[in-house]
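Let's take a walk through a protein chain together. Have the sequence and the 3D view open side by side, and follow along as we go.

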Amino acid sequence: MCDHPGCTKAGEHRAPRSRENPDVYYWFCLDHVREYNAAWDYFQGWSEEKIERFRREAITGHRPTWKLGHAGYRAWAEGRVRDEFGVFGARFNGGQAEPPPAEQQMDARQRRALARLDLDETADLQGIKMRYKQLVKRHHPDANGGDKAAEERFKAINEAYSFLMTCGYS
Ligand SMILES: [Zn+2]
């Protein structure tokens with residue numbers, strides 16, 4: 001039977017329960033697997049923390065700073081995408097929880113990316129850009145005679161910076 005609460009159709013289509021356990025499945029009817037996959041695909045590649053932050057901001061009416069020209073955003077903000085399957089974690093079911101302090105809102109990956117640029121959570125967009133320019137200059141392969149360690153460091157800096165630019169700084 002379909003795992004969607006209250007649905008009595010045959011559960012013939014499987015969907016992973018969570019990113020942490022992709023081998024554990026729900027079984028849904030066609031309609032409900034489509035609904036589930038639509039919510040899942042929309043947030044693909046986002047960290048759990050980022051999804052939660054997005055969800056919280058949508059609930060409180062605070063428009064996220066990153067661009068979301070998607071019908072998905074509206075659906076989300078209007079509460080039409082419900083977290084019946086726990087895709088987004090138990091913490092926000094109900095959506096009434098007090099937001100955690102700012103430093104807890106930052107997810108681990110973002111913190112790591114900042115650390116890679118020798119910055120902490122207080123860094124703003126200007127600070128990140130300035131730091132990135134300094135580090136790129138210092139670690140650019142051309143400036144280090146093809147040194148392998150410098151090349152790795154250069155790559156890591158670029159990855160960290162690219163990621164940070166997706167984190168909603170403005
Ligand atoms: Zn169903």
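You're looking at a predicted model, where local features need pLDDT of at least 70, side-chain atom pairs count only at pLDDT 80 or more, and totals for chains, interfaces and linings use all residues. To find your place, count from 1 along each chain as its sequence is written.

Two stretches call for some care. Over residues 62-71 the pLDDT stays under 50, and the model has eight contacts there beyond four places in sequence. (Two residues are in contact if their C-beta atoms, placed from the backbone, lie within 7 Å.) Residues 89-101 also have pLDDT below 50, with 14 contacts in the model beyond near neighbours in sequence. Where pLDDT is low, the predicted coordinates should not be read in detail.

Now for the overall plan. The chain has seven helices and two strands, and along the sequence the pattern reads β-β-α-α-α-α-α-α-α. Helices here are DSSP runs of H or I with at least four residues, strands are runs of E with at least two, and both are numbered from the N terminus. Of the 170 residues in the chain, 15% are buried. Buried means that 20 or more other C-beta atoms lie within 10 Å of a residue's own; exposed means 12 or fewer, partly exposed is in between, and the C-beta atoms are placed from the backbone.

Next, find helix H7 (residues 148-164) and helix H6 (residues 125-139). How do they cross? Their axes come within 9 Å and cross at roughly 160 degrees. Here axes are lines fitted to C-alpha atoms, for helices over the stretch in contact, and angles run from 0 to 180 degrees between N-to-C directions. That makes H6 roughly antiparallel to H7. The cut-offs are under 35 degrees for roughly parallel, over 145 for roughly antiparallel, 65 to 115 for roughly perpendicular, and oblique for the rest. Among the residues that make this contact are Ile128, Tyr132 and Leu135 of H6, along with Phe154, Ile157 and Tyr161 of H7. By class, the contact of H6 with H7 has nine nonpolar, one polar and one charged residues. (Ala, Val, Leu, Ile, Met, Phe, Trp, Tyr, Cys and Pro count as nonpolar, Asp, Glu, Lys and Arg as charged, and the others, Gly among them, as polar.)

Let's zoom in on tyrosine 132, which sits in helix H6. It counts as partly exposed because it has 19 C-beta neighbours inside 10 Å. Leaving aside neighbours within four places in sequence, tyrosine 132 touches Leu117, Ile157 and Tyr161 in the contact sense.

Helix H5 (residues 108-116) packs against H7 too, at an angle of about 135 degrees with the axes 9 Å apart. H5 and H7 are therefore oblique to each other. Where they meet, H5 brings residues including Ala113 and Leu114, and H7 brings residues including Ala156 and Ala160.

Finally, look in the loop between H5 and H6 for aspartate 118. What is its phi? Phi of aspartate 118 is near 55 degrees, a positive value in a residue other than glycine. Most residues other than glycine have a negative phi. Aspartate 118 counts as exposed, because it has 11 C-beta neighbours inside 10 Å.

How values were computed
pLDDT is the predictor's confidence in each residue, from 0 to 100.
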